[in-house]
Amino acid sequence: MAPVKVSASILSADFAHLLEDSQKAVAAGADMLHMDVMDGHFVPNISFGAPVIAGLKGKINVPFDSHLMITDPNKYIPDFAKAGSAYILFHEEAVADAAATIKLIRENGCKPGMVINPGTSEETLKPFAKDLEYVLFMSVWPGFSGQSFIPDVVPKIAKFSKWVSQQNLSMYIAVDGGISPKTAPQVVEAGANLLIAATAIFKSPDMKESIHLMKNAGTKN
Ligand code: DX5
Ligand code: ZN
């Protein structure tokens, strides 16, 4: 099975020591840093915006994937691009014209990713898949870290990843929400190749071990 990557969501980091915590996650094996941006409208919580991401720019040697859980993401894409995002992830549910948002992300020099909530079908992703570098399946309703994994996402990932191989496409198939060494094997088995985790990394007593277990979730031993 192809190697699995892990993106560490800073939502569960200690914001008083954000740089140190982020560097620790990377030293422990995180391949990306996941930025959960929440506006209190699209989701019922407020987290942080582009200035916080910009504060880490140039100080961390892995790409940033910025997950925009905001109403009207198009308006803020230039800000998140300037802040140092390599990938900008938008919710299908937040935009009227996904193709236009994908184009805007590329025009701003970033790689586009499309996110679907637990209630949205994987079919929604298909018309855009050839233009995407990254698709993200939410396995919790977005808004908070520390929620329980919703297993209904597994068959969606399985159907989509099978279709992706049939189409000879290649992209990150990511999953976000309640991912841990315990829940990782079933999503990797279904075809996910990028795991996003906040609690299982930043609240783990052994960050390195936790990341190692998630990256090797596809290896049977
Ligand atoms: C949820 C966020 C997730 C969240 C994951 O709205 O998009 O990235 O931080 O947190 P855990 O890993 O604790 O479920
Ligand atoms: Zn996220």
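**Notes on a predicted barrel model**

Strand β7 (residues 172–176) pairs with β8 in the parallel sense, over 3 bridges. A quick word on the terms: strands (E, at least two residues) and helices (H or I, at least four residues) are DSSP runs, numbered from the N terminus, and two strands pair if DSSP finds at least two bridges between them.

Before we go on, this is a predicted model: local features need pLDDT of at least 70, side-chain atom pairs count only at pLDDT 80 or more, and totals for chains, interfaces and linings use all residues. Residues are numbered from 1 along each chain as its sequence is written, chains are lettered from A and ligands numbered from 1 in the order in which they are written, and side-chain values use heavy atoms, with hydrogens and water left out.

1. **The barrel.** Start with the big picture: 8 strands form a closed barrel that runs β1-β2-β3-β4-β5-β6-β7-β8, with parallel pairing. On average, neighbouring strands of this sheet are turned by 25° against each other, direction ignored. For angles like this, axes are lines fitted to C-alpha atoms (for helices over the stretch in contact), and values run from 0 to 180 degrees between N-to-C directions.

2. **A helix on the sheet.** Helix α5 (residues 153–166) packs on the sheet and touches β5 (111–116), β6 (134–138) and β7. Contact here means heavy atoms within 4.5 Å. The direction of α5 makes about 160° with that of β6.

3. **Strand β6 and its partners.** Have a look at both sides of β6. It pairs with β5 in the parallel sense over 4 bridges, and 5 bridges join β6 to β7, which also run parallel. Met-114 stands opposite Val-135 in β6. Towards β7, Leu-136 stands opposite Ala-174 and Phe-137 stands opposite Val-175. Ala-174 has another partner too: Leu-194 in β8.

4. **Which way do the side chains of β6 and β7 point?** In a regular strand the side chains alternate between the two faces of the sheet. In β6, Tyr-134, Leu-136 and Met-138 point one way, Val-135 and Phe-137 the other way, and all are buried. In β7, Tyr-172, Ala-174 and Asp-176 point one way, Ile-173 and Val-175 the other way, and again all are buried. Buried means under 20% relative accessible area, exposed means over 50%, and partly exposed is in between (1.4 Å probe, protein chains only).

5. **His-34.** This residue lies in strand β2. Is His-34 buried or exposed? At 0% relative accessibility, His-34 counts as buried. Leaving aside neighbours within four places in sequence, its contacts include Ser-7, Asp-65, His-67, Tyr-134, Leu-136, Asp-176 and Ile-196.

6. **The largest pocket.** The largest pocket holds about 270 Å³ of space. On a 1 Å grid over the protein atoms alone, a pocket is an open set of points where a 1.4 Å probe fits, with protein on both sides within 12 Å along at least five of seven lines; lining residues have an atom within 4 Å of a point. Grid points are joined across faces, edges and corners, and the volume is the space filled by probe spheres set on the points. Its lining has 25 residues, and Ser-145, Gly-146, Asp-176, Gly-177 and Gly-178 lie nearest the centre. The elements giving two or more residues to that lining are β2 (32–38), β3 (64–69), β8 (194–197) and α7 (199–202). By class, the lining has 13 nonpolar, 10 polar and 2 charged residues. Ala, Val, Leu, Ile, Met, Phe, Trp, Tyr, Cys and Pro count as nonpolar, Asp, Glu, Lys and Arg as charged, and the others, Gly among them, as polar.

7. **Two backbone angles to check.** Most residues other than glycine have a negative phi. Asp-72, not a glycine, has a positive phi of about 60°. Asp-72 lies in the loop between β3 and α3 (77–82) and is partly exposed, with a relative accessible area of 38%. Asn-168 also has a positive phi, near 55°. Asn-168 sits in the loop between α5 and β7 and is exposed, with a relative accessible area of 73%.

8. **Distances across the model.** Gln-167 is in the loop between α5 and β7 and counts as partly exposed at 42% relative accessibility. Gln-167 and Asp-39 are 128 residues apart along the chain, and their C-alpha atoms are separated by 36 Å.
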